[in-house]
Amino acid sequence: MQALETLRNALALSEEMAKLAREQAWDALSAKERQRAALLATVPAALPASPRDSAALAEVIKQIQACDSEIREFVEPWMEHTRGLLAGLAPKTVRE
């Protein structure tokens, strides 16, 4: 099934993304995320599948979600830190 192969490729990208997040390689992570998003855009919304294929699809999707969860563990603190830095650069409003 084409959708299953596409999702397996997305899983491989997700695993690479998790590795990049652990390494804090943000630019490379962002590039991989764009690549994965383009790939996932080709998966049809409705996946016709046999029960066996459905189980395989569900397992691959769970693995992708696990990678995404791991990535968030690294990205969210970095984003919060960046927000703080950017807030410090914002011009202060003057109150009279």
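Predicted model: local features only at pLDDT ≥ 70, side-chain atom pairs only at ≥ 80, totals over all residues.
Guide: Local features here need pLDDT of at least 70, and side-chain atom pairs count only at pLDDT 80 or more. Residues are numbered from 1 along each chain as its sequence is written.

Visitor: Why is α1 called roughly antiparallel to α2?

Guide: The axes of α1 (residues 2-22) and α2 (residues 26-40) cross at roughly 165 degrees and come within 9 Å. Angles over 145 degrees count as roughly antiparallel and those under 35 as roughly parallel, so α1 is roughly antiparallel to α2. The angles run from 0 to 180 degrees between N-to-C directions.

Visitor: What makes α1 and α3 roughly parallel?

Guide: α1 and α3 (residues 51-89) pack at about 20 degrees, with axes 9 Å apart. That angle falls in the class under 35 degrees, and therefore the two helices are roughly parallel.

Visitor: Which residues make the contact of α1 with α3?

Guide: Among them are Leu4, Leu7 and Leu11 of α1, and Val60, Ile64 and Phe74 of α3; contact means heavy atoms within 4.5 Å. By class, this contact has 16 nonpolar, two polar and four charged residues. Ala, Val, Leu, Ile, Met, Phe, Trp, Tyr, Cys and Pro count as nonpolar, Asp, Glu, Lys and Arg as charged, and the others as polar.

Visitor: How do you know whether Gln24 is buried or exposed?

Guide: Its relative accessible area is 52%. Buried means under 20%, exposed over 50%, and partly exposed in between, with a 1.4 Å probe, so Gln24 is exposed. Gln24 lies in the loop between α1 and α2 and has a positive phi of about 55 degrees, although it is not a glycine.

Note on methods: Heavy atoms only, no water. Helix = DSSP H or I, 4+ residues; strand = E, 2+ residues; numbered from the N terminus. Parallel < 35°, antiparallel > 145°, perpendicular 65-115°, else oblique.
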